[in-house]
2 protein chains.
Amino acid sequence: LDPSEQVHEAREYDPETQKALEEIDSCQNEIDQLNEKASEEILKVEQKYNKLRKPNFENRSKIIQRIPNFWVTAFVNHPQISAILEEEEEECLHYLTKLDVEEFDDIKSGYRIKFFFDENPYFENDVLTKEFHLGSTGDPASHSTDIKWKDGHNLLERFRQRMQQGEKSGGSGRKRPLDLRSFFSWFCDHGDPSADEIAEVIKDDMWPNPLQYFLVPDIEVENGEGDDD
Amino acid sequence: LDPSEQVHEAREYDPETQKALEEIDSCQNEIDQLNEKASEEILKVEQKYNKLRKPNFENRSKIIQRIPNFWVTAFVNHPQISAILEEEEEECLHYLTKLDVEEFDDIKSGYRIKFFFDENPYFENDVLTKEFHLGSTGDPASHSTDIKWKDGHNLLERFRQRMQQGEKSGGSGRKRPLDLRSFFSWFCDHGDPSADEIAEVIKDDMWPNPLQYFLVPDIEVENGEGDDD
Ligand SMILES: [Ca+2]
Ligand SMILES: [Ca+2]
Ligand SMILES: [Mg+2]
Ligand SMILES: [Mg+2]
């Protein structure tokens, strides 16, 4: 029962108290209406500024494309994102040319993250999208693009095989701590869409200011081929 | 170093990349300015609705005063607040006639919780206030009214003595789980003002809708003197 129904069904209070409870309830309803109006106005402000920021984000995307390996560098330097990056996946992300994060127009109902790729040895897709539907109607859900892997380059499959073999690190000499996650297993995972930590980090931390992660050098700096340091 | 300074001090990038980084930085500054403007507008909406809600809250307070033991009942029915209520403190809260929660005008910098009491056997004060200063300048801090305890009725002192004796429950037959907190030790505690769980529960859960807690009966309902059930 919500308080409003409870108040009107209650028979256990004396008439004075019963009357006061009904007055509190109607006062509370007025407060609720003001709360709703406040939320609506705040939403409008957020929508307005989302629109105003958009040209800046588009401009930023174009500039970023002039810097080789901008996104893979920012990802490798980010503590939570780098934690899920397999070595081969990092190689693959050298082909990532553009990132886009779009909140749905009503903001509350969800968002999508788009990864734009150059022609690459791994898959046929130009764009990989992971999309989150978090609206109040229905259960939270996420979807992502079917990846059209090229023969012999299915990184998700390879990761799963390595997991089954009980070891994660690839053939190279580099050691990384064992982690049961990988970038593409995150991308394809829809187990808990309302608590997708990696998606939230991309949306709320990487996207608002990627420059800080591009610039902060990892202890092990690498933008190229080898591990010769 | 903030990214902006880092960009302009960097000498390790080729001239093309360096130029692009500076352009991203200035683009990022425009985004930051829009973010600040958005925050200011949202703050204004919140301030406007705080003002609009105020007469409703004042009206609610007056109606609540017509219901005996409204606040102590709501507190006893609230899972987190009741967890810190000692038996004697609950008796004392029968004299609580009015609760007020006020956000400071700029909202972000803090809030105060006021407890208004009738003439009572425990202390001389009419109002006990706990106030939180959480602004961005200076460390978070809280203050509270000095309680002028009446002789032999210092509930905080008694609680501390019981704690030293290693048992919390009072003389009565009622058993409560051992808890190292009490209402007045919470009121006088300023150890971690930015993470005061009880204060936040009062501000964000009890204050917005106390009726729901007044109406939900505890397993062990009691509004009066004895524990004769
Ligand atoms: Ca590499
Ligand atoms: Ca009692
Ligand atoms: Mg971009
Ligand atoms: Mg009140």
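In chain A of this predicted model, residues 24 or more positions apart make up 58% of the contacts with a separation of 6 or more. Chain A has 229 residues, and 43% of them count as buried. Chain B touches chain A through 45 residues on each side, and the area buried between the two chains is about 4100 Å².

**Chain A as a whole**

- Nine helices and four strands make up the secondary structure of chain A.
- Read from the N terminus, the order of elements in chain A is α-α-α-α-α-β-β-β-β-α-α-α-α.
- The accessible surface of chain A is about 12600 Å², and carbon and sulfur atoms hold 47% of that surface.

**The interface of chain B and chain A**

- Carbon and sulfur atoms give 68% of the area buried between chain B and chain A.
- Four salt bridges are found across this interface.
- A salt bridge joins the side chains of Glu23(B) and Arg66(A), with an N to O distance of 3.0 Å.
- On the side of chain B that touches chain A, the elements giving two or more residues are helix 1 (3–9), helix 2 (15–64) and helix 9 (211–215) of chain B.
- Helix 2 of chain B gives the largest share of that side, 29 residues.
- Sorted by class, the side of chain B that touches chain A holds 26 nonpolar, eight polar and eleven charged residues.

**Salt bridges within the chains**

- Over all chains, the whole structure has 26 salt bridges.
- Side chains of opposite charge can pair when their charged atoms come close.
- In chain A, Glu23(A) forms a salt bridge with Lys19(A), and their closest N and O atoms are 2.7 Å apart.
- Both Glu23(A) and Lys19(A) lie in helix 2 of chain A, four residues apart, which is about one turn of the helix.
- Glu23(A) counts as partly exposed, at 24% relative accessibility.
- In chain B, the side chains of Glu102(B) and Arg112(B) form a salt bridge with an N to O distance of 2.9 Å.
- This pair links distant parts of the chain, with Glu102(B) in strand 1 (residues 96–103) and Arg112(B) in strand 2 (residues 110–117) of chain B, ten residues apart.
- Glu102(B) is partly exposed at 23% relative accessibility, and Arg112(B) is partly exposed at 23%.
- Another salt bridge of chain B joins the side chains of Glu119(B) and Lys150(B), at 3.9 Å from N to O.
- Glu119(B) counts as exposed at 68% relative accessibility, whereas Lys150(B) is partly exposed with a relative accessible area of 22%.
- Glu86(A), Glu88(A), Arg158(A) and Arg162(A) are joined into one network by salt bridges that share partners.

**Positive phi at Asn69**

- Most residues other than glycine have a negative phi.
- Asn69(A) is not a glycine, yet its phi is positive, about 60°.
- Asn69(A) lies in the loop between helix 2 (15–64) and helix 3 (70–77) of chain A, and is partly exposed with a relative accessible area of 22%.
- Asn69(B) also has a positive phi, near 60°, and its place is the loop between helix 2 and helix 3 (70–77) of chain B.

Key
Residues numbered from 1 in each chain as written. Chains lettered and ligands numbered in written order. Predicted model: local features only at pLDDT ≥ 70, side-chain atom pairs only at ≥ 80, totals over all residues. Heavy atoms only, no water. Contact = heavy atoms within 4.5 Å. Buried area = accessible area lost by both parts, 1.4 Å probe. Nonpolar A, V, L, I, M, F, W, Y, C, P; charged D, E, K, R; others polar. Buried < 20%, exposed > 50% of the residue type's maximum accessible area, 1.4 Å probe, protein only. Areas by Shrake-Rupley, 256 points an atom, 1.4 Å probe, with all protein chains shown as cover.
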